[in-house]
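Dear colleague,

I am passing on the structure we spoke about, and below it you will find what came out of going through it. Please have it open while you read.

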Amino acid sequence: QVQLVESGGGLVQAGGSLRLSCAASVRTYSSYIMGWFRQAPGKEREFVASLSSSGDNTYYADSVKGRFTISRDNAENTVYLQMNSLKPEDTAVYYCAAKQIGLSRYDYWGQGTQVTVSS
């Protein structure tokens, strides 16, 4: 089993920055692909970014490219999402997720952390 706990959400003005963290409790953390998703009120959950198990390959939604950076520290079992130049449309609950290499579905999810960007 994998347990994921997000932190770092909050209220920020447009143009500001936040860094989300997600701590994973699993022995083989370095074998998991990690991702960030978000869900705004009244909308479906959407992909934000993902990172390979080694940290060498990153993927971003077009809406966040150039503004968000995903990274991981395998020694600390933690994945981060650095969010810069935040916009009101980035307001959502952000979820950390994990999946094992070779699988297409994310099987493990955190409880989510609220990010609110004021205009």
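In this predicted model, the rings of Phe37, Phe47, Tyr106 and Trp109 are linked by ring pairs into a cluster. The count of aromatic pairs comes to five, and one of them joins phenylalanine 37 and phenylalanine 47, which is edge-to-face because the planes stand at 75 degrees, where over 60 is required, with the ring centres 5.7 Å apart. This pair connects distant parts of the chain, since phenylalanine 37 belongs to strand β4 and phenylalanine 47 to strand β5, ten residues apart. Phenylalanine 37 is buried, at a relative accessible area of 11%, whereas phenylalanine 47 is partly exposed, at 31%.

Two arginines also lie over rings: the charged end of arginine 45 sits over tryptophan 109, 3.8 Å from the ring centre, and arginine 72 lies over the face of tyrosine 29, at 4.5 Å from the ring centre.

Leaving aside residues up to four places away in sequence, glycine 9 touches Leu18, Leu20, Thr113, Gln114 and Val115, and its C-alpha atom is separated by 8.1 Å from that of tyrosine 94, 85 residues apart along the chain.

Note on methods
Residues numbered from 1 in each chain as written. Predicted model: local features only at pLDDT ≥ 70, side-chain atom pairs only at ≥ 80, totals over all residues. Heavy atoms only, no water. Contact = heavy atoms within 4.5 Å. Phe/Tyr/Trp six-rings, centres within 6.5 Å; stacked < 30°, edge-to-face > 60°. Helix = DSSP H or I, 4+ residues; strand = E, 2+ residues; numbered from the N terminus. Buried < 20%, exposed > 50% of the residue type's maximum accessible area, 1.4 Å probe, protein only. Lys NZ or Arg CZ within 6 Å of the ring centre and 35° of its normal.
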